[in-house]
Structure formats: C-alpha cells, structure tokens
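Q: Could you take a close look at the salt bridges in this model and walk me through them?

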Amino acid sequence: MTPIALTMGDPCGIGPEIVLRACADPRRTVPVVVIGDARVLARADRFTGTGLVLNPVTSLDRAAYAPGTVDVLIEGEPPTTALPWGALDARAGAASFRYVRRGIELALSGGVRALVTAPVNKEALRLGGVPYPGHTEILADLTGTTDYAMMMANDELQVVLVTVHQSLLSAIDAIDRARELATIRLTHRTLRRGGLPAPRIAVAGLNPHAGENGLFGREDLEIIAPAVRAAQDEGIRASGPWPADTVFMRARAGEFDAVVAQYHDQGLIPVKYLGLEHGVNITIGLPFVRTSVDHGTAFDIAGRGTADHLSLLTALHRADSLSAKPTASR
C-alpha cells in the first residue's frame, strides 16, 4: 500500500516525540515514512522510550516499512550542533519548512497518498526566512491552490474557516460575499465527497447575535446573508447567519453537519474545547489529502517526554480514511 508521509515538525518542539509515539502506537495500521532528521528523532527516543529502530533513507524506494522500524526520509543537511528543546531557532524553522515542502512534492507526484504534519512554529518560520505564516498558506501556494480552507474536525464537530491566520481586524476586512460563498461551496463539495449527499451547512454570524438585524453591525445583513442565499439558490443546504454563541452547540447536537466560521478563534475554540487529543486539522481544496494535529509546538513541555500523541494518531487515521476514497480530497 502507498504510504502516508508524516513530517516531523519543528525540531525544537514536541513534534519529534509525538511522531515517534504515534509510529510506535499499536493502533497505527497505516504505513508511514517520516520526513525529518534522524538525529533529532534519536535524541527524542531517549526520553520517549519507544525502542523503535530508525532507518534513515534518501528516497522512498529504500524504505523498509518493517515492524518496529521508522523509515526517516532525510531532507537537508542537519545542523552541526544539537538544536535546543523548547526554543525558537531559525534553523528549526527553516528545517520544518523543508520537511513540508518535500512532503508536498511527494504527494503531488503520487509517491505518498496523503500528508500528515506535526506542528511548526510560526515565529521560527519567520526567523528562518520562510515567507508563510503557517502550514495552510504553504500548502496552498506550493500546490497552486486558490480555493482552499482550513477545516477543524472531531467526532462531534466539523468547522470550516472563512479567514485563518491574520489579525481579527484584518480578518473582518477580508470577509466579503465572494469569499463567504466560496467557503460555503468548498464545504459543500468536501462533505459530499466525504459521503454526505446533501450536507447541512450552518454559517456563523460575525457579530453578536448575528448582528441583531443591523443593531450590532451590518456585516451579517449585507455580506453573510446574501452569500447564504446565493448558496441556497445553487441547491446547497446552507442556512444562517446564526448567532455564533449557540450554532456550535446545535451542530454538536446533530442539527448541522458542519459550521462555517468567520475567523480563527470563533471556529477553533469550540473544537479544541472538546479535547485537543481528538481534533484534526484538515486543509480542504488541495489536490491531495492533508491532515494535522490541532495544537502547536508546545515549547514549554518539549523534551520532557510528556507530550500526548493522540491528536497526531487521529490525524493519521483521518488521512488514511480520506485517502482511501478516490475523490475525498479533490
């Protein structure tokens, strides 16, 4: 079976240890190849105690996929000195970008059937001269994808964001009818390709009480509501804008299949509140399946051996199920 590529993430964060633990977990059934630094993984294994054998390779055709072994696809020259755990480092930021770039190349060529990413650090990326704020923007640009969005999902909620990594003020300015409608359409297509013939999509309002008919701002009346009506005219079962303080509860209760949220924290707080270990970050609209954890590099606990790998394991399982469907990521 074609493997899934798993990027190591920032070498100074918890990525190396959760990658090892996910690979060692007996619940993992999918073959993976890790893109990263075998020396960093060896250091991490001293405190994770997985006992995995690291098999550094320079190409996929050299991977063994053997029990008790982790095939590590080496990407770039490692630093001459050991990187510190839990610290911002330009070398780590640059390296984490190289891992993702190699993963994208392999996914586009068909060498791997999905890409799963351990967390990168946005400030480390900047220090390393990487001109992207995060994974989503890297993936979109390097694949030439213009119609994409971030979906955060767990067993109870699926949330798609209209805007992602930008200030709240600039996010509000970025919300217009075209972008709103494009996100609703993309959510509809993604859910249909995931097996729902007529997905029910709730659109969260931007302002308190979805604007209260213009009393608390006119964006919901003049931007979001017209986009929802346009989607309905296309046969999409979209509704809203609904007050954001109750719409996620309604979706969790089964009234909706997904919620379109207007900005980062509006959509991610409800998902993460239900448990980081169960959440998965999915970039929808790409020419291949990409999933990730729903947490960051956690520099405060990196190198201690206490990081929980369950979100990464869940991301692997979700990537496995999505990539098994021929059109799941298209």
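A: Happy to, starting with the surface they sit under or on: the accessible surface of the protein chain is about 13700 Å², and 52% of it belongs to carbon and sulfur atoms (Shrake-Rupley method, 1.4 Å probe; for residues, only the protein chains shown count as cover). A word on the basis: this is a predicted model, where local features need pLDDT of at least 70 and side-chain atom pairs count only at pLDDT 80 or more, while totals for chains, interfaces and linings use all residues. Residues are numbered from 1 along each chain as its sequence is written, and side-chain values use heavy atoms, leaving out hydrogens and water.

The structure holds twelve salt bridges, each a side-chain nitrogen of Lys or Arg within 4 Å of a carboxyl oxygen of Asp or Glu. In one of them, E17 pairs with R21, with the closest N and O atoms 3.8 Å apart. Both residues belong to helix α1 (residues 15-24), four residues apart, or about one turn of the helix; helices are DSSP runs of H or I with at least four residues, and strands are E runs of at least two, numbered from the N terminus. E17 is buried at 1% relative accessibility, and R21 is buried at 17%, where buried means under 20% relative accessible area, exposed over 50%, and partly exposed in between (1.4 Å probe, protein chains only).

D25 and R27 also meet in a salt bridge, at 2.8 Å from N to O. Here D25 is buried at 8%, whereas R27 is partly exposed at 48%.

Another salt bridge joins E75 and R102, at 2.6 Å from N to O. Because E75 lies in the loop between β4 (69-74) and α3 (90-109) and R102 in helix α3, this pair ties together parts 27 residues apart in sequence. E75 is buried at 16%, and R102 is buried at 18%.
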